[in-house]
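Please examine the structure shown below. The paragraphs that follow discuss selected residues and helix pairs in turn.

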Amino acid sequence: PSYNYIGWNMRRPLFEDRRVRRAMTMLLDREEIRDVIYHGLAQITSGSFFPDEPEYNQDIQPWPFDPEQAEASLDEAGWTGRTGDGIRTNENGQTFDFELLIVNDSVTAEQIATLFQEELRRAGVRMRIRQLEWATFLESVKSHQFDASLLGWSLSPYPDPYQLWHSSQAIVNGSNSVGFIHEEADQIMEDARLEFDRDKRVEMYHRFHEILHEEQPYTFLFCPMSLQAVDNRFQNVQVYPYGPDATEWWVPAEFQRYP
């Protein structure tokens with residue numbers, strides 16, 4: 001259980017405005033990426049929880065791929081000018097030009113970034129792709145020296161978003177690398193840590209999911225699926241939302257290959 005995402009460094013003037021961050025999400029054709037790159041073996045996600053857990057708000061649908069609406073949002077946010085080569089500018093003459101960090105040994109990340117780059121270009125946004133080896137990539141993200149980064153998180157069956165999203169974690173080396181600071185979200189996370197009733201926590205986290213959807217500090221991408229094969233000698237193979245548990249398996253004596 002995991003998800004990947006593009007994180008927008010909200011400390012950068014380019015990504016301070018949530019209208020811009022939403023526009024970035026609506027310029028990424030996640031359905032095409034799911035079908036072509038993942039061969040359908042991924043679920044588009046809209047938040048920071050595992051879709052098979054109750055904390056995930058099923059009422060929230062991911063922002064659609066909608067270049068027309070995305071361009072309208074960029075216009076509304078003030079990116080109405082154009083350079084000679086078609087790149088958007090604002091009233092201060094700043095060009096919409098940024099860098100996306102990806103890990104250099106991830107073929108999937110490179111494919112996603114390349115498709116995204118082309119769609120952004122059509123909308124008047126220049127995105128440069130920078131591939132880094134893992135240690136350098138991680139150091140850049142932890143020290144907040146990036147515009148945007150493509151990364152992922154593993155998920156726990158006992159979700160607690162505090163480490164990733166609380167404003168206290170938006171420090172150097174903290175996990176809130178994008179600098180998401182939201183008073184209501186902070187209060188939800190603090191209150192949820194003190195609430196023993198899971199149903200009440202779920203209700204809190206559904207609102208938290210709404211906030212993330214509205215603010216789009218990440219463009220949430222996919223919860224990847226996996227294909228697994230098990231020899232039919234094995235009995236009692238159960239598949240759970242978090243995967244099979246090999247400690248439950250056994251092999252009848254007549255099918256055992258080793259004494």
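The side chain of Arg21 reaches the backbone oxygen of Gln216 at 3.3 Å, a polar contact being a pair of N or O atoms within 3.5 Å, where within protein one must be able to donate a hydrogen and the other to accept it, and residues adjacent in sequence count only if both atoms are side-chain atoms. This is a predicted model, in which local features need pLDDT of at least 70 and side-chain atom pairs count only at pLDDT 80 or more, while totals for chains, interfaces and linings use all residues. Residues are numbered from 1 along each chain as its sequence is written, and side-chain values use heavy atoms, with hydrogens and water left out.

Arg21 belongs to helix 1; helices here are DSSP runs of H or I with at least four residues, numbered from the N terminus. With a relative accessible area of 1%, Arg21 is buried, a term that denotes under 20% relative accessible area (1.4 Å probe, protein chains only). Beyond residues up to four places away in sequence, Arg21 touches Trp8, Met10, Phe15, Glu16, Glu215, Gln216, Pro217 and Thr219, where contact means heavy atoms within 4.5 Å.

Helix 1 (residues 18-26) also packs with helix 3 (residues 67-76), at an angle of about 160° and with the axes 8 Å apart. Axes are lines fitted to C-alpha atoms, for helices over the stretch in contact, and angles run from 0 to 180 degrees between N-to-C directions. Helix 1 and helix 3 are therefore roughly antiparallel, the term for angles over 145 degrees. On the helix 1 side the contact is made by Arg19, Val20, Ala23, Met24 and Met26, and on the helix 3 side by Pro67, Gln69, Ala70, Ser73, Leu74 and Glu76.

A second pair consists of helix 7 and helix 8 (residues 198-215), whose axes come within 10 Å and cross at roughly 160°. Helix 7 and helix 8 are therefore likewise roughly antiparallel to each other. In helix 7, Glu184, Ala185, Ile188, Met189, Asp191 and Ala192 meet Arg201, Met204, Tyr205, Arg207, Phe208 and Ile211 of helix 8.

Ser175 lies in the loop between helix 6 (162-165) and helix 7 (183-192). Ser175 counts as buried, at 15% relative accessibility. The side chain of Ser175 makes a polar contact of 2.9 Å with the side chain of Gln163. Neighbours within four places in sequence aside, Ser175 is in contact with Trp153, Gln163, Leu164 and Gln169.

Definitions and conventions
Helices (H or I, at least four residues) and strands (E, at least two) are DSSP runs, numbered from the N terminus. Angles under 35 degrees count as roughly parallel, over 145 as roughly antiparallel, 65 to 115 as roughly perpendicular and the rest as oblique. Buried means under 20% relative accessible area, exposed over 50%, partly exposed in between (1.4 Å probe, protein chains only).
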